[in-house]
Amino acid sequence: MTSSTLNPAVLEPLFAPWQEPNAHRVRAEKTGDPAVVKQRRRASPIEVVNNLRSAVREWREAFYIGASDTTIQLLNHWFNRAHRKTTPNGEEFEFRYYFCQREAVETLIYLKEVRRIECLSQIIAEFGGANAEVQALGITEEEDA
């Protein structure tokens with residue numbers, strides 16, 4: 001592929017790595033047309049994931065209600081304040097966690113500390129939607145623990 005056929009716009013990020021994903025590209029309907037940018041987070045094909053993401057986002061926007069004071073202080077320290085770092089060359093930069101790191105930490109805390117969920121079957125029951133029972137079929141005791 002030559003540089004004249006590569007569209008550099010497809011390489012441009014749609015959001016910063018520390019921001020919640022708020023857009024994604026989809027293939028154009030007509031071959032040769034540029035990709036279409038959709039203004040929303042790309043949905044997961046797994047319903048539990050979408051429902052859990054939504055619950056954690058609501059919890060975050062409610063300032064982590066239900067978490068311990070220590071947990072709230074830690075979350076605010078990690079994600080809501082500036083972290084200045086210095087490179088080996090002496091240059092300063094602002095360190096920020098990637099959004100996926102933030103969301104993973106928040107999800108674990110939300111499930112364990114706030115919702116007190118202890119096993120996979122509870123996650124599926126709470127966030128599996130209309131098909132939760134079907135999704136839970138085949139979970140072994142070892143997987144559930």
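Hi everyone. Let me begin with one definition: a residue counts as buried when its relative accessible area is under 20%. Keep that cut-off in mind, please, and remember that this is a predicted model.

Side chains of opposite charge can pair when their charged atoms come close. In this structure there are 10 salt bridges, and I'd like to walk you through a few of them.

Let's start with Glu-106. Is Glu-106 buried or exposed? Its relative accessible area is 0%, so Glu-106 is buried. The side chain of Glu-106 forms a salt bridge with Arg-60, at 2.8 Å from N to O. Glu-106 sits in helix H3, residues 99-114, and Arg-60 in helix H1, so this pair ties together parts that are 46 residues apart in sequence.

Now stay with Arg-60, which also counts as buried, at 11% relative accessibility. Arg-60 has another salt bridge, to Glu-20, where the closest N and O atoms are 3.7 Å apart. Because Glu-20 belongs to the segment before strand E1 (24-26) and Arg-60 to helix H1 (residues 47-61), the pair links parts that are 40 residues apart in sequence. Glu-20 itself is partly exposed, at 22% relative accessibility.

For another example, look at Glu-94 and Arg-96, whose side chains meet in a salt bridge of 3.3 Å, N to O. Glu-94 is partly exposed at 37%, and Arg-96 is partly exposed at 38%.

Finally, the network: salt bridges with shared partners join Glu-20, Arg-41, Arg-57, Arg-60, Arg-102, Glu-103 and Glu-106 into one.

Notes: Residues numbered from 1 in each chain as written. Predicted model: local features only at pLDDT ≥ 70, side-chain atom pairs only at ≥ 80, totals over all residues. Heavy atoms only, no water. Salt bridge = Lys/Arg side-chain N within 4 Å of Asp/Glu carboxyl O. Helix = DSSP H or I, 4+ residues; strand = E, 2+ residues; numbered from the N terminus. Buried < 20%, exposed > 50% of the residue type's maximum accessible area, 1.4 Å probe, protein only.
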